[in-house]
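Trainee: Please take me through this model. I want to hear what stands behind each label.

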Amino acid sequence: MASTISKIPFHGTKEQEEQLMNVIAEHKQDKGALMPVLQKAQDIYGYLPIEVQKMIADGLGVPLEEVYGVSTFYSQFALNPKGEYKVSVCLGTACYVKGSGDVFDKLQQTLGIKGGECTPDGKFSLEACRCIGACGLAPVITINDDVYGRLTPDDIPGILEKYQA
């Protein structure tokens with residue numbers, strides 16, 4: 001889910017910008033070009049920082065508000081970078097009833113970020129998700145491809161420690 005503008009400075013490369021300009025040029029005359037350009041831009045950069053949204057708006061000749069509106073409306077788009085370790089907390093019914101809300105709160109507190117954000121060092125990003133199909137292990141989090149179940153908030157520091165090294 002898209003969230004507020006990233007606190008992490010944008011570090012796009014000249015090569016990425018050239019790729020984006022080629023994508024814009026390729027789609028500029030197409031009706032409905034904004035969605036495919038946004039999708040390719042996210043593939044290039046990994047997310048859609050405001051700087052990239054401005055390049056798209058200028059390149060396609062559409063208002064920045066329209067680019068931002070589409071970027072924030074569709075959950076496939078991210079306005080913040082993803083961390084090296086993507087932490088996802090299941091807030092589906094079974095997990096939530098068994099305390100995943102408290103686990104999510106503990107992760108926010110421990111990492112110093114809110115859902116949808118990335119730590120300043122780029123190590124961790126945090127998001128909430130709906131059912132991941134591991135209801136028997138509720139509450140569940142995933143860190144990249146690793147699954148952790150039957151958690152309490154007290155388990156969080158030890159789990160994160162494994163990824164700090």
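Mentor: A helix here is a DSSP run of H or I with at least four residues, a strand a run of E with at least two, both numbered from the N terminus. The model is predicted, with local features needing pLDDT of at least 70, side-chain atom pairs counting only at pLDDT 80 or more, and totals for chains, interfaces and linings using all residues. Residues are numbered from 1 along each chain as its sequence is written, and side-chain values use heavy atoms, with hydrogens and water left out.

Trainee: How many helices and strands does the chain have?

Mentor: Seven helices and four strands. Along the sequence the pattern is α-α-α-α-β-α-α-β-β-β-α. The C-alpha atoms fill a box of roughly 55 × 30 × 25 Å along the principal axes.

Trainee: Why is Val37 called buried?

Mentor: Buried means under 20% relative accessible area, exposed over 50%, and partly exposed in between (1.4 Å probe, protein chains only). Val37 has 0% relative accessibility, so it counts as buried. Of the 165 residues in the chain, 45% are buried.

Trainee: What is in contact with Val37, leaving aside its neighbours within four places in sequence?

Mentor: Contact means heavy atoms within 4.5 Å. Val37 is in helix H2, and its partners beyond those neighbours are Leu20, Val23, Ile24, His27, Ile56 and Leu60. His27 is 10 residues away along the chain, yet the two C-alpha atoms are separated by 7.2 Å.

Trainee: What makes up the largest nonpolar core?

Mentor: A nonpolar core is a set of buried Ala, Val, Leu, Ile, Met, Phe, Trp, Tyr and Cys residues joined through side-chain atoms within 4.5 Å. The largest one has 20 residues, and Leu20, Leu38, Val52 and Ile56 have the most contacts inside it. Helices H1 (14-27), H2 (34-45), H3 (50-60) and H4 (64-73) each supply at least two of its residues. H2 gives the largest share, six residues. A second, separate core has 19 residues, including Val89, Phe124, Leu126 and Ile143.

Trainee: How do you know which strands pair with E1?

Mentor: Two strands pair if DSSP finds at least two bridges between them. E1 (residues 85-90) and E2 (residues 124-129) have six bridges and run parallel, so they meet the cut-off. Cys90 stands opposite Cys129 there. Ser88 has Thr142 in E3 as its bridge partner. Five of the six residues of E1 are buried.

Trainee: What makes Asn144 and Arg150 stand out in phi?

Mentor: Most residues other than glycine have a negative phi, and most peptide bonds are trans. Asn144 has phi near 55 degrees. Arg150 has about 50 degrees. Asn144 sits in the loop between E3 and E4 (146-148). Arg150 lies in the loop between E4 and helix H7 (156-164).

Trainee: Why do the two get their accessibility labels?

Mentor: Use the cut-offs already stated. Asn144 has a relative accessible area of 34%, so it is partly exposed. Arg150 has 58% relative accessibility, so it counts as exposed.

Trainee: Which peptide bond is cis, and what is its omega?

Mentor: The one joining Ala138 and Pro139, with omega about -5 degrees. Pro139 is in the loop between E2 and E3.
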